[in-house]
Amino acid sequence: MNILVALGCGVLFGLGLVFSGMVDPVRVLGFLDLAGKWDPTLIFVLCGAVSVSFVGYRLSRRMSKPVCAERFNLPTGTAIDSRLLGGAALFGIGWGLAGICPGPAIVMLAIEPGPACLFVTAMITGMLLRRVLADSY
């Protein structure tokens with residue numbers, strides 16, 4: 001049952017990314033280009049996502065456990081350290097250069113596999129490299 005719920009949530013999320021235009025790198029880069037020809041249309045997507053997350057997070061705080069799991073898996077770290085800032089900067093630079101972030105890249109594998117394969121390969125390589133580097137410290 002949990003697999004079906006996860007599949008349904010993933011499909012719903014993917015459809016939301018497609019219909020909102022988040023899988024179009026040109027549109028995303030237009031939104032991120034504040035100094036150039038700025039395309040503000042994705043701000044509605046941002047506001048919708050933040051609103052849904054806010055409500056969901058507030059509701060989760062009132063629940064003893066999720067509907068389809070034994071416990072919540074919420075982040076416990078609160079430190080804003082160099083690892084967090086470095087990772088956030090790297091994510092932002094990558095998003096600003098390619099106009100793609102991980103969620104839309106996975107959806108793009110089904111729509112436009114060529115460019116998406118390159119991005120997903122680079123993303124997985126970065127994840128593996130991060131794991132190797134984290135284990136060495």
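Axes are lines fitted to C-alpha atoms, for helices over the stretch in contact, and angles run from 0 to 180 degrees between N-to-C directions. Helices are DSSP runs (H or I, at least four residues), numbered from the N terminus. The model is predicted: local features need pLDDT of at least 70, side-chain atom pairs count only at pLDDT 80 or more, and totals for chains, interfaces and linings use all residues. Residues are numbered from 1 along each chain as its sequence is written, and side-chain values use heavy atoms, with hydrogens and water left out.

**View 1. Packing of helix α5 (residues 102-111) on helix α6 (residues 113-136).** The two axes lie 8 Å apart at an angle of about 140 degrees. Contact (heavy atoms within 4.5 Å) involves Pro102, Ala105, Ile106, Met108, Leu109 and Ile111 of α5, together with Pro113, Ala116, Cys117, Phe119, Val120 and Met123 of α6.

**View 2. Helix α2 (residues 25-32) against helix α4 (residues 82-98).** Their axes come within 8 Å and cross at roughly 120 degrees, which makes α2 oblique to α4. From α2, the contact draws on Pro25, Val28, Leu29 and Leu32; from α4, on Trp95, Gly96, Leu97 and Ala98.

View 3. Ser20 is buried (under 20% relative accessible area), at 15%. The Ser20 side chain reaches the backbone nitrogen of Met22 at 3.5 Å. Not counting residues up to four places away in sequence, Ser20 touches Arg27, Leu42 and Val45.

Note on methods:
Helices (H or I, at least four residues) and strands (E, at least two) are DSSP runs, numbered from the N terminus. Buried means under 20% relative accessible area, exposed over 50%, partly exposed in between (1.4 Å probe, protein chains only). A polar contact is a pair of N or O atoms within 3.5 Å; within protein, one must be able to donate a hydrogen and the other to accept it, and residues adjacent in sequence count only if both atoms are side-chain atoms. Angles under 35 degrees count as roughly parallel, over 145 as roughly antiparallel, 65 to 115 as roughly perpendicular and the rest as oblique.
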